[in-house]
There are 2 protein chains.
Amino acid sequence: MSVGRAHTAMSHRPRVVIIGAGFAGLYAARALRHAAVDLTVVDRTNHHVFQPLLYQVATATLAPSDIAAPVRWLLRAQRHTTVLLGDVTAIDVTRRMVSVRGTATADLIYDYLIVAGGARHSYFGHSGWEQHAPGLKSLDDALEIRSRFLLAFERAEATANAVERRALMTFVVVGGGPTGVELAGMLPLIARRALQSEFRRIDTRESRIILLEGGARLLASFPESLSRAATRDLLGMGVEVRTQTVVTQVTSAGVWIGDEHIAANVFWAAGNEASPLGRMLGAPLDRNGRVLVNPDLSIPSHREVFVAGDLAHVDEETRPVPAVAPAAMQEGTTAARNIRRDLEGKARDAFRYRNKGDLATIGRHRAIADFGRLRMSGFLAWWFWLVVHIMYLAGFRNRLSVLIQWAWAYFTYQRGVRLILSGWRAQPPASAGEPPGVGVGRSDRAGSA
Amino acid sequence: MSVGRAHTAMSHRPRVVIIGAGFAGLYAARALRHAAVDLTVVDRTNHHVFQPLLYQVATATLAPSDIAAPVRWLLRAQRHTTVLLGDVTAIDVTRRMVSVRGTATADLIYDYLIVAGGARHSYFGHSGWEQHAPGLKSLDDALEIRSRFLLAFERAEATANAVERRALMTFVVVGGGPTGVELAGMLPLIARRALQSEFRRIDTRESRIILLEGGARLLASFPESLSRAATRDLLGMGVEVRTQTVVTQVTSAGVWIGDEHIAANVFWAAGNEASPLGRMLGAPLDRNGRVLVNPDLSIPSHREVFVAGDLAHVDEETRPVPAVAPAAMQEGTTAARNIRRDLEGKARDAFRYRNKGDLATIGRHRAIADFGRLRMSGFLAWWFWLVVHIMYLAGFRNRLSVLIQWAWAYFTYQRGVRLILSGWRAQPPASAGEPPGVGVGRSDRAGSA
């Protein structure tokens, strides 16, 4: 079945298709709001999620609805914009067609295409690990981690086996980039403080949180002084930090380093593997699967096709633009602006990354901030983090509402979100037993503010 | 493996086990907070849910975390209380043992048992209908309805088939009790107002909501005048109300009345089928599977076993105590008090239901209220409803926080909760085709305030 209104032969307005409604896709769509085009946005979920706060959903600190909004709602005022929920199964750059399957089934003909498919974590060739070591890229991922995190304590409370109990109360976070640091920094607060009074047979203060990094230091994308500050803060919270350490095996029973079974629970925040959509474009890719784009963000040989966000490899003077939210927003905006400039008969702009600074939080009142010459750590940096995130979230929630919600969560550890929804029956209990193999665990992902 | 601290031979304190942490189980547990017992509460979820507001989660009006709280958190101050997450697979009233399997695996020996397993909807012998017509008894149920409700519009927007589109935009609610009325009263507001600006190819104002009731009138447990007021309000909102009408077939393609395929979507709010736990007690049951209890809520031949809540059949003078939340709270409290009185060497009390009135809302600013001599409908009744529910919710959330949240939701239709989480790929698209069969759809459930 062919869809539809925006794509018939009758239409004289250029047809723009955007794949993905993350930061890059959403900002591209918004930048086209006054353009004389017919726009279709396709995403595999019905919501845009504020990815930098996913770790708060994963740790039962914020509710999914606090950090997500329906794509339709976000674009409701753009009458020329149609939103479709579905998987993109094929892109034919010769026929200029995008095939969508799922809830929406459509073959969309485009004049311009912006591909913003993002990235997933990389399991470095061990694709079997993913089911046991959930990542943190979507709301579903975050809810999976939340469920496993809370279930581990339920199982620990129920078991009489001391070895099993210790394994259940140990949590390994793989990857010392911002996501891994933020996740590892929040887990001890929830485990040791929020949950402490609720259990009778276990003492949740004995929970162990281990942060593994394959490289020499945490937060490799930050200056060394801030990396040291973050490590100190994490250690101060009782997080065990192990650098130059790689995971050797992950099974349903947990995670191994060498021959040592160190924990029943493992969460994955390492590596970046670009969306498979990149391979459908016939354009050159870098070794992480990202599409090597022209300075105007179009692909070689198809100037009507743009790539933006984590799927794009954009070279700055010395190194690629980092895979962070502000870069994705800027790339999406630039791709859209270049379409507008085409339509206005103007020359395209080359993308220039404006680095507004990198931020990462550690726990609930410490952070690090790198604004180039200005570097901060500790409480003040945390306030910066808070202000920046409330301002960005304001795009889809009322600022006051977010502030009240957060203040409430901050002082009470809002327990309403500590819900285990469907599916616990499906998960096998943890028990060590399978032999360790060989593998790596290394963070490639850069900052998230 | 046998659990544990509360149940060794060393213990001289009576061991009390409560199955279920709904209103009856939770209120029983709280009523034992100062009793010299060792208490274990078993539930198959980790949270207590405020059931009367489930329809607001199902209609994407409130978030799950707004109406639920972890059972552990609710009972955290009771140091003698252990909470276990698991399914009860057997109750042996002779050996006084409850078998728990799942996250917790335990055989719990009790001196006193309170069984508060609640009820599910009844599909009147058509158990195959349940997968296509989700009910509204748990958060998982509510999220299933929310997902189907939102996906129906996604599919309607994507299809080019006018017949399919009309079926997708038609929603049938089966059962004209309070749950059905409240669900049917909220659907048009979300469908027609909240979603209206977000779609391009469909006009969500054309959505149809049909409320089916097998009996002669809606809200059979209320006085006829209020039943008429509710019907008038629903009709005024554009809900089609069909009484003395039964569903004849439910398949993955939707719902039939006679030979007519009337909708692709069907939500179930009819009938009450008691938890299968009742059958494990060897006690007499009524025709709905509820346990016929003594006036003190114990079962015949086992005075140490109590049944409370929707699973209990308690006779008042003229008719059984209704299956409503206040009755469950009162029964749980009475069962617990009778255990305390046993321990104090006092005679047990007979249960007496104190009817504080019945309430049901219609949409966002109308309700009906029956306080015996005082009957109200319309806006004032809705304010009563609001005040009562905020007061009850206060048990696990701060009143101010709930009020702000609700005010926010009321004025904005908080869109953050309109999330479709995992699983849409698993659902088949709707298409009529299977032949209708024979069946019934009738509401048995009584009021919910």
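Reply: Happy to! Two rings of Phe, Tyr or Trp count as a pair if their centres lie within 6.5 Å. Please keep in mind that this is a predicted model.

Me: How many aromatic pairs does the structure hold over all chains?

Reply: Here is the total. Over all chains, the number of aromatic pairs is 26.

Me: Is the pair of B:F371 and B:F384 stacked, edge-to-face or tilted?

Reply: The ring centres of B:F371 and B:F384 are 5.5 Å apart. Stacked needs planes under 30 degrees apart and edge-to-face needs over 60. The planes here stand at 55°, so the pair is tilted.

Me: Which parts of chain B does that pair tie together, and how many residues apart are they?

Reply: B:F371 belongs to strand β24 (residues 366-371). B:F384 belongs to helix α9 (residues 379-393), so the pair ties together parts whose separation in sequence is 13 residues.

Me: What about B:W382 and B:W385: are they buried or exposed?

Reply: These two Trp residues form a stacked pair, with 6.5 Å from centre to centre and 25° between the planes. Both lie in helix α9 of chain B, three residues apart, about one turn of the helix. Buried means under 20% relative accessible area. B:W382 has 8% and B:W385 has 3%, so both count as buried.

Me: Which residue has its charged end over the ring of B:W73?

Reply: A charge sits over a ring only if it is within 6 Å of the ring centre and within 35 degrees of the ring normal. At 4.0 Å from the centre of the B:W73 ring, the residue is B:R76.

Conventions:
Residues numbered from 1 in each chain as written. Chains lettered and ligands numbered in written order. Predicted model: local features only at pLDDT ≥ 70, side-chain atom pairs only at ≥ 80, totals over all residues. Heavy atoms only, no water. Phe/Tyr/Trp six-rings, centres within 6.5 Å; stacked < 30°, edge-to-face > 60°. Helix = DSSP H or I, 4+ residues; strand = E, 2+ residues; numbered from the N terminus. Buried < 20%, exposed > 50% of the residue type's maximum accessible area, 1.4 Å probe, protein only.
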